[in-house]
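Me: I would like to go through this model with you, starting with the interface and then moving on to helix packing. Please keep the answers brief.

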Amino acid sequence: MIDAIEKVLGRIVAAVVAIQGLVLTLLIGTEVFFRYIVGRALSWPEEVAGIFFTWFTLLGVVLLTRSGEHIEFSFLSQQLSVRGARVLSIFIQVMIGLYALSISFSGYTYATMFRFENTPAAGISSLWMNLSLPISGLLIVFYSQVSILKILKTPAKDGGSQ
Amino acid sequence: MNPSFFALMLLSLFIFLTILGIPIGFSLGISGIVGLLLMDHSFMMIAQTFLGGVNNFAYLAIPFFVLLGTVMEKAEVSNQLVDFADELVGYLPGGLAMGAIVACAIFAAISGSGPATVAAIGTVAIPEMVKRGYSKPFAVGTAAAGGILGPIIPPSIPFIIYGVVTEQSIARLFLGGLGAGLLLALMMMVFSFFKAKREGVPVSGTGPSPRRMLRAMWRAKLGLIAPGVVLGGIYAGICTPTEAGAIGSIYLIVVGLFVTRTLTLRGLLECFGKTGRTSAMIMFVIGTAYLPAWLMASWNLPDLGAQFILGMSKDKHVFLIFVNVLFLIIGSLLDTPAAIVILAPILHPIAVKLGIDPTHFGTIVVVNFVIGYITPPFAYNLFVAKSITGMTMEEVSMAAFPFILLCLLGLILITYIPAISLLFPRLLMP
């Protein structure tokens, strides 16, 4: 059940990130096109791009957590026994989850505090950008827990805990 | 309690967490939270520093320069670049190695990332070099070292971060990197020439042919136009680096989809997905580094650092030696974006106070950190070279060793001959 949810969620997040990348490119392309071809400078693409960019970054972090592609130093785990490496991997995922929970909480407080602020040109509520942190934070927490479950499910070859 | 003690404690905690294997962005974030708790600051600073740091229009250039490299690779333009570079210098001893470095330099003028440069050029050049009688370590060392040109020759991701953090012109910093990058490329080529001669690598018997060179240039034209689109846009004053990145990406996407037809819609979405993950890797580290950087500023560490360093010596040459040693050590231990976000606000004002040109200093900082890309343990280019060749990390590190020494020599020249990094800014942005 969890496997199915994480796969579907992962595909949705990956699709959203890819589409956001495309939209970002088109937004900035449109900005330059209007300034030089149409002769009218638009102010809103930059603000909208800022919102998309924050989501693009944070959802990208969710994907990295899912695939375990973060920049990390794996020297220590390579030196440990299979069992030791499993314990370390679980500890790492717990720390990732705790940090993500912190940014989620902090992000939610920040988003609610500034919920009435709008962007200067387009007048878009800052909630659209600020909610990226609590939502992505919760997704990272989810994937760190999924990783822990996966580690626990994988049989330990040296007779370690199941 | 002494702020320097706090800073050292957080640094130690960060190193400890990183050694444990916690991803760098999370290690930085956790260290920052511990700092917040110790100093009894508001927990909301986590969100404020992250969102405030990431939400900067100049940083939006980062995904575009990553996208440029990804599309370039997917659109299979790198092969033609290697062929063209081979025709340019391939008939000389060590010609293919020199060609690989030229191809890296051209690719670097499109993408701002070191590992992307190694992946794009190394995948084509390493097997070809081995096939033509080069030793595997020579081929691997050349591609990994050539890859450091990616973040030095503009456009460059580290220069964007440095420009944002120190509020310097990114376009001017790019030009500083151009001089430094060309010098390093030239040094690598001269080194390859002599190394190939010493190793007795067979020389291509065909000799130079202007007709073949022109033909190869024509075949590589679509890739060769890309740097013109990106850098031309910036220096003609038409667009900002971020906009140039977007326009360059659109150009390459159109080329890949409709001209070379090597890019499919599915492939394009894959490129955007890969770009999302790669730029998230960089941006997450930048975002989380803003919290420790803010804590250091709140402890007045930049001023304390300035007093400490200027108290030891007011000679700018001594300061540059100190900076080079410090950055070389940190560059091999800490991720470049994090190192720039945390250290540049402390050291940049001191450099300016000592009369060092900000562009010159920015170039020194970036070259220092980028040498870390081929210096273990955090050697991104070596990780990529390792994955291309299947060699062990030790073998790849040994292969890169002569190039590390060469780059250090280049760094000394860049540090003590400011004209290298200031030539192009003075010519093009007086």
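Me: How many salt bridges are there between chain A and chain B?
Reply: The count between chain A and chain B is one salt bridge, that is, a side-chain nitrogen of Lys or Arg within 4 Å of a carboxyl oxygen of Asp or Glu. This is a predicted model, in which local features need pLDDT of at least 70 and side-chain atom pairs pLDDT 80 or more, while totals for chains, interfaces and linings use all residues. Residues are numbered from 1 along each chain as its sequence is written, chains are lettered from A and ligands numbered from 1 in the order written, and side-chain values use heavy atoms, without hydrogens and water.

Me: Which side chains meet in a salt bridge at 2.6 Å, N to O?
Reply: Those of A:Arg35 and B:Glu243.

Me: And how many salt bridges over all chains?
Reply: Nine by this rule. One of them joins A:Lys150 to A:Glu6, with the closest N and O atoms 3.3 Å apart. That pair links distant parts of the chain, since A:Lys150 lies in helix 6 (residues 132-153) of chain A and A:Glu6 in helix 1 (residues 2-38) of chain A, 144 residues apart. Helices here are DSSP runs (H or I, at least four residues), numbered from the N terminus.

Me: Back to the interface: what area do chain A and chain B bury?
Reply: About 4,600 Å² between them, 82% of it on carbon and sulfur atoms; buried area is the accessible area (1.4 Å probe) lost on putting two parts together, summed over both. A:Ile71, A:Phe73 and A:Tyr99 supply 18% of what chain A buries against chain B, more than any other three residues. The contact (heavy atoms within 4.5 Å) takes 51 residues from chain A and 53 residues from chain B.

Me: Now the packing. At what angle do helix 9 and helix 10 of chain B cross?
Reply: The axes of helix 9 (residues 157-166) of chain B and helix 10 (residues 170-199) of chain B cross at roughly 135° and come within 9 Å. Axes are lines fitted to C-alpha atoms over the stretch in contact, with angles from 0 to 180 degrees between N-to-C directions. The two helices are therefore oblique to each other, as angles under 35 degrees count as roughly parallel, over 145 as roughly antiparallel, 65 to 115 as roughly perpendicular and the rest as oblique.

Me: Which residues of helix 9 of chain B make the contact?
Reply: B:Phe159, B:Ile160, B:Tyr162, B:Gly163 and B:Val164, against B:Ile170, B:Leu173, B:Phe174 and B:Gly177 of helix 10 of chain B.
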